[in-house]
Amino acid sequence: QYLVLTSVNDGIFTSFDFGLNWVNSDGINKIRDCTDVEIDVTGQYLVAVTSGRGIYHSMDHGLSWNLASLPEATASQTFKRIVSDRTGQFLVALPDHGPLLTSRDYGKSWSEAPSIPFTAGEVTHLAFDSAGNELFAVAENGAIYGSNDKGITWSTRVKTAASDHPT
């Protein structure tokens, strides 16, 4: 029943009735340059990533938004994608470059992910499995990496000829 959409110029829109009606949920303080948004299954927790303007979170169905606490070196990054487990409590943000960022508190605060076998710039997609237990990353060279401990350790799930010879 809960849906959320983003617009680069017009902010974030939410619907609580399966998309019949939409509300600009960030009001006059539009979150500009929003590149992706994630919502938990209850619709209460929302997190939006931007192009150079940080990460925002809402804990009240999008009625109010706050700038999240980010590691200093990543505060002005462009983020391509954000994914969450089914609860919305654990999230992973994919920047254009640098380390993946993770949050374990519904997007309020973020930290750099532990060592990963790829760079964030190489990753084109992130996704959780349908149960929200396993995290996957797809690299530009076609390799697929997986983590079953929320990104602490990773293993190569699919290796391609291109992944053997990175450019």
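Three bridges join strand β9 to strand β10 (residues 101-103), and the two run antiparallel. The model is predicted.

**β9 and β10**
- In this pairing, Val92 has Thr102 of β10 as its bridge partner.
- The two strands form a hairpin, with five residues between them.
- Gly98 sits in that turn and has a positive phi of about 85 degrees.

**β9 and β8**
- Strand β8 (residues 79-84) also pairs with β9 in the antiparallel sense, over five bridges.
- Opposite Leu91 in β9 stands Ser84.
- β8 and β9 form a hairpin too, with six residues between them.
- The turn contains Gly88, whose phi is positive at about 85 degrees.

**Burial of β9**
- Strand β9 spans residues 91-95 and is mostly covered, with five of its five residues buried.
- Leu91, Ala93 and Pro95 point one way from the strand.
- Val92 and Leu94 point the other way, and they too are buried.

**Thr14 in β2**
- Thr14 lies in strand β2, which covers residues 11-15.
- Thr14 counts as buried because its relative accessibility is 2%, and the cut-off for buried is under 20%.
- Leaving aside residues up to four places away in sequence, Thr14 touches Leu3, Val4, Asn21, Trp22, Val23, Ser25, Leu46 and His61.

How values were computed
Residues are numbered from 1 along each chain as its sequence is written. This is a predicted model: local features need pLDDT of at least 70, side-chain atom pairs count only at pLDDT 80 or more; totals for chains, interfaces and linings use all residues. Side-chain values use heavy atoms; hydrogens and water are left out. Buried means under 20% relative accessible area, exposed over 50%, partly exposed in between (1.4 Å probe, protein chains only). Helices (H or I, at least four residues) and strands (E, at least two) are DSSP runs, numbered from the N terminus. Two strands pair if DSSP finds at least two bridges between them. Contact means heavy atoms within 4.5 Å.
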